[in-house]
Amino acid sequence: MENFLGVSEANLKQTFSEWDVQPYRVHQVFTWVYHRGVRDFALMTNLSKSLRARLQETFCFSLPSIREKHPSSDGSIKYLFELEDGSAIESVWMPAKDRNTLCISTQVGCRLACSFCNTASMGLKRNLTAGEIIGQIIKVNEDTPEADQVTNIVIMGMGEPLDNYRPLVDAVRLMVSPEAMRLSTRRVTLSTSGLVDKIKDFQTENLHVNLAISLNATVDEIRDTIMPINKKYPIEVLMQALRNYPLKPTRRLTFEYVLLEGINDTDDDAKRLARLLRGIPSKINLIPYNAHVSSDYRPPPQERIFSFQNYLMSQHYSVFIRKNRGSDIMGACGQLAAQSIS
Ligand code: SAH
């Protein structure tokens, strides 16, 4: 049986047309499921008995189950979810004064092999389905003390979202659709290592969520070594695609830059970064490297980080140093997965 969670409106319309059911019934079913939280077709009293029966024969409701929950001293919680086939993925809940952000995964493992990333050591085990992607949000929303507490989504957990294109797009559409999860496109951020062809495809989907690019280096020589995907899409090719990326007025691209001591943290790097981003409405997130056991990289000393930030600010960029939330529970950027997951 197919998991109803994750089925797109378009696909359900298609199925209904094959069943000779009117398209407006899709709206009714979605309202029950996503707005009222009903997980039993039998309770959908404005549908005919025969349609309810047919839905019941065709679809089930499947959510990831919580295998472990690790609360951090800073209030964030790392969830280890178990999927139906026994694979495990992680999501991180990060509450703050003005928002509650959930960081979600899109693949079990990843195949991009970035040298500094913990998930990379797993390789790619498999892609998540759209239902498994949004299932993380639904499950955390159910687990929080008051319902529907997740206000912001960052697609920055395990995996490369654009390497799992169709399920990712279906999942994002469900997140922002008024028929489904109703999140504002401003509150959903998709982070990519820079798969240029897929970025170009994504802009045709008309999903105006925020795009974050993990740039992490300013010269090909370095980016090639820490992010092998750079050999396929070198910095200039990536930047050209981003300069052409259609942004709505007042919206910006986010550039993520993991700071690795002695690798990409010099004043010259800061200058090159400023030059690369010139003309692109952008916001920069500096992420001091989160060390994990199997790695020799180190984050730069505080003064180096501030000096990098200060230069970029002097060039009129908005630059934030990302807090390492959940680092005591291995929930911080790049720390997900590996040792807890078999
Ligand atoms: N594949 C996507 C999303 C997952 S990685 C991407 O590349 O954007 C999410 C972010 O975590 C990326 O910016 C990545 O550069 C960063 N990251 C990975 N490992 C890290 C580590 N050990 N310390 C700090 N940031 C890390």
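The model is predicted. P246 sits in the loop that links helix 9 (235–243) to strand 12 (253–259). K200 is 46 residues away from P246 along the chain. The C-alpha atoms of P246 and K200 are 9.9 Å apart.

The domain assignment divides the protein into two parts. Domain 1 covers residues 2–60, and domain 2 covers residues 65–329. The contact between them draws 11 residues from domain 1 and 13 residues from domain 2. The C-alpha centres of domain 1 and domain 2 are separated by 33 Å.

The size of an interface is often expressed as the accessible area lost when the parts come together. Between domain 1 and domain 2, the buried area is about 1,000 Å². Carbon and sulfur atoms contribute 53% of that area.

Polar interactions also span the boundary. The count of residue pairs in polar contact between domain 1 and domain 2 is 7, with both residues at pLDDT 80 or more. Helix 2 (residues 24–35) gives the most to the side of domain 1 that touches domain 2, supplying 4 residues. By class, that side of domain 1 comprises 4 nonpolar, 5 polar and 2 charged residues. The salt-bridge count between domain 1 and domain 2 is 1. R39 and E142 form a salt bridge, with their closest N and O atoms 2.7 Å apart.

Technical notes: Residues are numbered from 1 along each chain as its sequence is written. This is a predicted model: local features need pLDDT of at least 70, side-chain atom pairs count only at pLDDT 80 or more; totals for chains, interfaces and linings use all residues. Side-chain values use heavy atoms; hydrogens and water are left out. Domain bounds come from an automatic or database domain assignment. Contact means heavy atoms within 4.5 Å. Buried area is the accessible area (1.4 Å probe) that two parts lose on being put together, summed over both. A salt bridge is a side-chain nitrogen of Lys or Arg within 4 Å of a carboxyl oxygen of Asp or Glu. A polar contact is a pair of N or O atoms within 3.5 Å; within protein, one must be able to donate a hydrogen and the other to accept it, and residues adjacent in sequence count only if both atoms are side-chain atoms. Helices (H or I, at least four residues) and strands (E, at least two) are DSSP runs, numbered from the N terminus. Ala, Val, Leu, Ile, Met, Phe, Trp, Tyr, Cys and Pro count as nonpolar, Asp, Glu, Lys and Arg as charged, and the others, Gly among them, as polar.
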